[in-house]
Structures are given as C-alpha cells and as structure tokens.
Amino acid sequence: MAFYGKTLRRLLRLSVSVLFLAACSAGGGTVTDSGTGAGNGTGTGGGVRPGDGVSYTQEEMSARIRGVDASMVQFTEKHGGIYKYADGTPGDFFRICKAYGVNWARFRLWVDPHTFAAAEGPANNYARYPQGLCDLETVQALARRAEAAGLRWLLDFHYSDTWTHPGQQIVPASWSGIAAGEPMAEKIASYTTEVLQELKSAGLVPDMVQVGNEVNSGMCVGTTSDRTNLQMYLEAGCRAVKEFDSGIRVMIHIARGGDASLQNFFSAGSGGYGNSWYDVIGLSWYPWYTDHGTIRELGENIRYFAASGKEVVVAETSWPWTNGWKDWTDNVCGASPADAAGAYQQDAADNLQYPGIVMDGGIPAASPAGQRSVVEAVMEVTRVNGGWGVFYWGGEWIAYGAATPPPDGSTWENQALFDFDGRPLDVLNAFSR
C-alpha cells in the first residue's frame with residue numbers, strides 16, 4: 001500500500017504546474033510533509049531531464065528538508081544503544097525525531113559489507129562497523145520504520161563494500177574483475193536497477209536516490225583520485241534510477257561544500273558534470289575541516305547551484321554538544337588522545353563566523369546550545385540562498401555499551417542528537433523551525 005499510495009500522490013501532483021525556475025526563486029522546488037518528495041518525473045519512463053519545464057506544486061515549494069542520516073540505528077540498537085523521549089521513556093528513533101519536526105531519513109547502502117569486514121579483519125577501523133551494517137536487508141528494515149513514522153527517505157548508493165569519501169572509493173570485492181569504463185558503468189546501472197526492483201518488490205520505493213557518495217575524487221577508483229570515467233558512471237546510475245521511476249529525485253553528492261572550486265565541478269562548459277540526469281546537488285559541510293570553506297562560502301555555493309536550476313541540499317553536517325565521551329572509542333572531534341580538547345574548535349573558528357553562533361572564549365562552543373546554534377545557522381544559510389534543506393549526519397550514532405572491539409564504540413557520540421543517556425538534545429528543536 002505504501003508504494004501505491006506514493007505512486008498516486010506523484011500522479012496527482014503533476015496536475016498542478018509551476019515552472020521550475022519559479023520554484024527555485026520561491027524556495028528551491030521543495031516538498032511538503034504531505035508529499036512524497038518525488039516530483040520531477042512525468043511517468044514517461046525516464047525521458048525527462050530535470051529543469052526542462054518540469055513543474056512543481058505550490059505545496060512542494062512551501063516546505064524544506066529537515067533530515068537525519070539514520071543508517072546506524074539498527075546497529076546501535078543491536079549493541080545496546082537506547083533512544084528515549086525527554087522523560088526517559090524508551091522509544092523508536094524515527095518517531096522521536098518526527099515529533100521534533102524531522103521529515104526525511106537518509107540511509108547508505110553498501111554492496112557487501114560482510115565481505116569487506118571478513119577480508120579486512122578487526123584491526124582495520126572501517127571493518128569494525130560493516131558486519132551486518134548498511135546491507136540491503138538493513139536498509140529495508142530501517143526504511144520501513146521511517147515510513148511507518150511518516151518520514152520520506154533517501155537511499156545513498158556508495159557503490160562499495162564500505163565507506164566512500166574523497167580519496168576512498170573502493171571497488172566492491174565482487175566487482176573486482178570488471179574493467180573500468182563502459183563495463184563498470186554497465187555494472188553500476190544494472191546494480192542500481194536490481195536494488196530498486198528488490199525494494200519495490202518489498203513495497204518500498206525511495207523518495208530520493210543518491211548516486212555515489214562524496215564523489216570529488218571519482219567512483220570505483222580505490223584510494224586514488226581519478227575522474228576519467230566519473231561522468232560515465234554518474235550518468236549510468238542516474239539514468240538507471242530515472243528509467244526505473246522518473247518520479248524519484250536523483251542527487252549527486254560532493255564534499256567540501258564551501259569550496260568555491262566546486263562551482264566548476266558541475267559546470268558542463270568547463271568539463272564538469274552538468275549533463276548528468278540528476279535533480280539535486282548534495283553538499284557535505286563539516287565546519288572543522290578548513291578545506292570545506294566558511295559557512296558564508298557554503299551559502300555562496302548553494303546560491304550559485306540553485307541559480308543553475310538544480311535543487312541544493314546540505315547532505316551532511318554536524319557539530320558536537322560536548323567535548324566529553326562515554327564509551328572507550330576516540331571521537332572524531334573532542335577531548336581524546338587523538339584530538340586535544342578544543343583543537344577542532346580552533347580549526348572551525350573562522351568557518352563559523354555567523355550571527356547567532358554560540359561562542360566560548362572566542363571559539364564555537366561544544367555545548368547543547370552551541371550545537372543547536374550551528375545547525376540553525378546552516379539551516380538558515382541554506383534557506384536564504386535558495387537551498388532545499390539539510391540532513392544532519394551521525395545524529396543516531398549514540399554511545400553504546402561495548403568496552404572492547406568488536407564491535408567498536410561510537411566515534412560520533414558527542415555529535416549525536418541524543419545525550420549520553422539517550423535523551424533528545426536541544427538541537428532537535430531546530431528541526432521544527
């Protein structure tokens with residue numbers, strides 16, 4: 001029923017037309033809580049390119065993405081993590097988030113994380129998490145829970161057996177014999193279609209699909225930087241989605257959201273990737289990385305991309321609410337042997353010069369109020385520059401009870417949306433604004 005209801009709503013939305021460029025000027029062509037988040041198709045089997053007179057309803061333009069990446073929920077729960085309401089009552093992660101105004105969930109998909117974990121062993125930090133994590137079975141279970149809570153969802157294809165990001169785009173082990181170029185593009189397309197077909201058979205259809213994750217350095221190129229075939233691979237994945245269901249929005253995702261050079265990345269005239277069949281540009285922006293640019297530069301990129309006729313989303317961002325920790329594992333940011341207290345805050349100080357950011361001794365505060373102020377600032381910068389919305393990354397990755405690996409503890413516990421007792425933090429109130 002969930003699938004048929006979505007299909008009907010998609011068809012009904014097409015009866016009300018507003019030109020795409022008008023949608024951008026009115027707020028990025030966005031969707032409402034009552035829609036499905038998929039309005040670019042015409043039901044013609046994938047022959048429509050976004051921006052070519054595609055229309056949106058007034059309702060779609062009135063709301064924004066207020067999303068969370070929820071890929072670790074099932075894994076965290078399996079290993080002792082408990083999500084709670086403010087009064088301490090245990091609850092469902094998705095229903096708790098929905099109560100605070102969250103309207104989208106994002107789930108990453110790895111091809112065969114079990115194979116990677118077995119090959120790498122527990123000494124490899126990346127291998128401690130993938131066992132049973134981010135496979136298609138897990139995505140199905142999480143997507144079903146998200147839909148039951150009234151959320152739309154994004155499927156994030158990594159096209160790898162593990163994490164992908166700039167400098168790490170490891171080819172899935174089962175694809176190792178496939179040559180680069182057209183053979184790999186064909187595999188990307190067929191795999192994308194197979195996954196979507198399996199989801200549809202289970203009564204699940206994503207509202208948005210992300211083709212690749214932080215693809216600045218390429219796709220399926222290992223640990224090198226090689227964009228020789230990136231255009232071919234992106235188009236293969238995007239076309240596969242649109243030919244499967246032209247109503248699903250498609251995102252291309254890159255890191256370093258405030259880096260001005262990204263404007264060339266998507267410019268067809270300068271050898272970029274402007275010709276792919278996609279609707280949405282997704283940006284990662286983490287303020288402690290100096291190469292991610294300032295929050296104002298993030299806004300400038302959002303404005304530039306929105307003016308080009310694409311929807312723009314901050315697909316990943318986060319900020320700590322404390323420099324403390326609960327489990328034994330070093331955190332990415334905060335007081336630990338790997339990062340002296342406040343070092344990342346010093347790195348972020350220039351990037352977070354913006355009205356309303358809570359400061360502590362001249363640097364952005366790692367506090368509940370500081371975390372909320374950063375998220376609200378990113379949401380505001382996205383909105384005023386014509387972006388569609390924001391996904392918070394790692395909000396579900398709370399501390400859990402492991403004392404020794406495997407499994408490892410959380411490296412993001414101090415950036416989660418819940419405190420060390422599993423209760424909602426003040427930052428969740430930003431999602432209802």
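The questions below turn to one strand and its neighbours, and then to salt bridges.

Author: This is a predicted model, in which local features need pLDDT of at least 70 and side-chain atom pairs count only at pLDDT 80 or more, while totals for chains, interfaces and linings use all residues. Residues are numbered from 1 along each chain as its sequence is written, and side-chain values use heavy atoms, with hydrogens and water left out.

Reader: Is strand β6 (residues 280–284) enclosed or open, and how many of its residues are buried?
Author: Buried means under 20% relative accessible area, exposed over 50% and partly exposed in between, with a 1.4 Å probe and protein chains only; strands (E, at least two residues) and helices (H or I, at least four) are DSSP runs, numbered from the N terminus. In a regular strand the side chains alternate between the two faces of the sheet. In β6, Val280, Gly282 and Ser284 are buried on one side, and Ile281 and Leu283 are buried on the other. The strand is therefore largely enclosed by the rest of the structure, the buried count being five of the five.

Reader: Which residue of β6 is the bridge partner of histidine 253?
Author: Two strands pair if DSSP finds at least two bridges between them. Strand β5 (residues 249–254) runs parallel to β6 over four bridges. Within β6, the partner of histidine 253 is glycine 282.

Reader: Which residue in β7 stands opposite serine 284?
Author: β6 also pairs with strand β7 (residues 311–316), in the parallel sense and over five bridges. In this pairing, serine 284 faces glutamate 316.

Reader: What is the N to O distance in the salt bridge of arginine 145 and glutamate 77?
Author: A salt bridge is a side-chain nitrogen of Lys or Arg within 4 Å of a carboxyl oxygen of Asp or Glu, and the structure holds 15 of them. Arginine 145 belongs to helix α7 (residues 136–148) and glutamate 77 to helix α4 (residues 73–78), so their contact ties together parts that are 68 residues apart in sequence. Arginine 145 counts as partly exposed at 24% relative accessibility, and the N to O distance between the two side chains is 2.9 Å.

Reader: Are arginine 106 and aspartate 156 buried or exposed?
Author: The side chains of arginine 106 and aspartate 156 meet in a salt bridge of 3.2 Å, N to O. This pair links strand β2 (residues 104–109), which holds arginine 106, with strand β3 (residues 152–157), which holds aspartate 156, 50 residues apart. Both arginine 106 and aspartate 156 are buried.
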